[in-house]
Amino acid sequence: MSSVTDVESSINEFIYDLQRQRINQSYTLALRTVLLLREWITNCTDDAQNIDDLQRKLQEKASKLNNASGDHIVNNMTRRILRIVREEIDSTTKQKTTEFHLVPAPSPRSREGDESSSMDCEVKQLTGSIHEALNELEAEIESSSVHIVNQCLEHIHSAEVILTVGWSRTVLEFLKGAAKKRKFQVMVIECSPSNQGHTMAISLSQCNIQTTVVTDSAVFAIMSRINKVIIGTRTVLANGGLKAIAGSRAIAEAARYHAVPVIVCAAMYKLSPSYICPIELNSPQSVGLHPALGPGEELTDSQLDVAVESPLFEYIPPELVTLFITNTGGHSPSYLYRLLSELYDID
């Protein structure tokens, strides 16, 4: 078992990576957040004076992570962990109350002697139950992609033309799963200037899926040939909207015009109780820097210090989304409020 010092060092290293945006994958962010806080809870048992002290220190640690990341994924995980802790505290309190009524009251002398050991037992018992609950959360995150892929044959049929944008690990696995039993064609929007679509197209073609890369400007022109749009997302917001890769909004608007369904593959750890603010899309975490260079041009000495801000994400309203495919099944945007009440506390 790691010591408290080792865990604190790991958390500080994680915060350092968050501040410098070294971790971009949502899955990695979610899993590392859960693993680090679980390890911290396990090792802080001796330092916590009582249950309230444990909860207070955990809230401080969660706040520190949230401030460092500025990302919804880390915030989602810390809030889910805090809810798990509150539920375990409530369960422990109810159990203690029941035992208090069943067991005769101790004498004043023995009460003082047993108070300290009783508190230690309560904290250790609570830590054990929290550890088991967080193990279940870890298993949910690790298996989320598998449960999403298991639904692929319900939504993709033979001879269909599927449109996607950029690179998404979840969408890639979803399409690969369907390709094992269905023949279909995929068109990938290249997502300039990052050109993530080229990476996605190469991965799909390696799985013998007929793939075509399409420029961003041709989205509306090809939409009449598309049977359905399947995309990933960075965050699913409380109102059913998306914080998705730049270029997704144009695709969703074109799909609505041509009455093409828009399907979003997203694990439950991406579901956030927050709403997006326009200024958030201009934050350092949502803006990429690209050299001022046109097609076929080469950098000159005067352009070496020139950079162009390019949004990494944009907002897609819920009315442009047809269906969410999550690890718990398919859900319409209007049903997300029910899922939020099951995952998060209303603060």
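Is Asn195 buried, partly exposed or exposed? Partly exposed, with a relative accessible area of 31%. Some more notes follow, and please keep in mind that this is a predicted model.

1. **The chain overall.** You're looking at 347 residues, and 48% of them are buried. The chain has 10 helices and 12 strands. If you take the contacts between residues at least 6 apart in sequence, 78% of them join residues at least 24 apart.

2. **Helix 1 against helix 3.** Two packed helices are described by the angle between their axes and the distance between the axes. For helix 1 (residues 4-19) and helix 3 (residues 51-69), the axes come within 8 Å and cross at roughly 25°. That angle is under 35 degrees, so helix 1 runs roughly parallel to helix 3.

3. **Who touches whom there.** On the helix 1 side, the residues in contact are Glu8, Ile11, Asn12, Phe14, Ile15, Leu18 and Gln19. Helix 3 answers with Lys61, Lys64, Leu65, Ala68 and Ser69. By class, this contact is made of 6 nonpolar, 3 polar and 3 charged residues.

4. **The largest pocket.** This one holds about 870 Å³ of space. Its lining takes in 39 residues, and those nearest the centre are Asn24, Gln196, Arg234, Ile245 and Phe313. Sorted by class, the lining of the largest pocket has 15 nonpolar, 16 polar and 8 charged residues.

5. **Where that lining comes from.** Which elements each supply at least two residues of the lining of the largest pocket? Three are helices: helix 1, helix 2 (26-43) and helix 6 (169-179).

6. **The cavity.** A search of the whole structure turns up 1 cavity of 30 Å³ or more. The largest cavity has a volume of about 40 Å³. Lining the largest cavity are Val236, Ala266, Ala267, Met268, Leu271, Phe324, Thr326 and Leu336. By class, that lining is 7 nonpolar and 1 polar, with no charged residues.

7. **The loop between strand 2 and helix 7.** Most residues other than glycine have a negative phi, and most peptide bonds are trans. Have a look at Ser192 and Pro193 with that in mind: a cis peptide bond joins them, with omega at about 5°. Pro193 sits in the loop between strand 2 (185-189) and helix 7 (196-205). Asn195 is found in that loop too, and has a positive phi of about 60° although it is not a glycine.

8. **Gln21.** Here is another positive phi in a residue other than glycine, near 55°. Gln21 belongs to the loop between helix 1 and helix 2. Its relative accessibility is 33%, so Gln21 counts as partly exposed.

9. **Gln206.** Where is Gln206? Look in the loop between helix 7 and strand 3 (210-214). Gln206 has 62% relative accessibility, over the 50% cut-off, so it counts as exposed. Gln206 and Lys176 are 30 residues apart in sequence, and their C-alpha atoms are 9.9 Å apart in space.

How values were computed. Residues numbered from 1 in each chain as written. Predicted model: local features only at pLDDT ≥ 70, side-chain atom pairs only at ≥ 80, totals over all residues. Heavy atoms only, no water. Axes fitted to C-alpha atoms, helices over the stretch in contact; angles between N-to-C directions. Helix = DSSP H or I, 4+ residues; strand = E, 2+ residues; numbered from the N terminus. Parallel < 35°, antiparallel > 145°, perpendicular 65-115°, else oblique. Contact = heavy atoms within 4.5 Å. Nonpolar A, V, L, I, M, F, W, Y, C, P; charged D, E, K, R; others polar. 1 Å grid on protein atoms, 1.4 Å probe; cavity = no way out; pocket = protein on both sides within 12 Å on 5 of 7 lines; lining within 4 Å. Points joined across faces, edges and corners; volume = space filled by probe spheres on them. Buried < 20%, exposed > 50% of the residue type's maximum accessible area, 1.4 Å probe, protein only.
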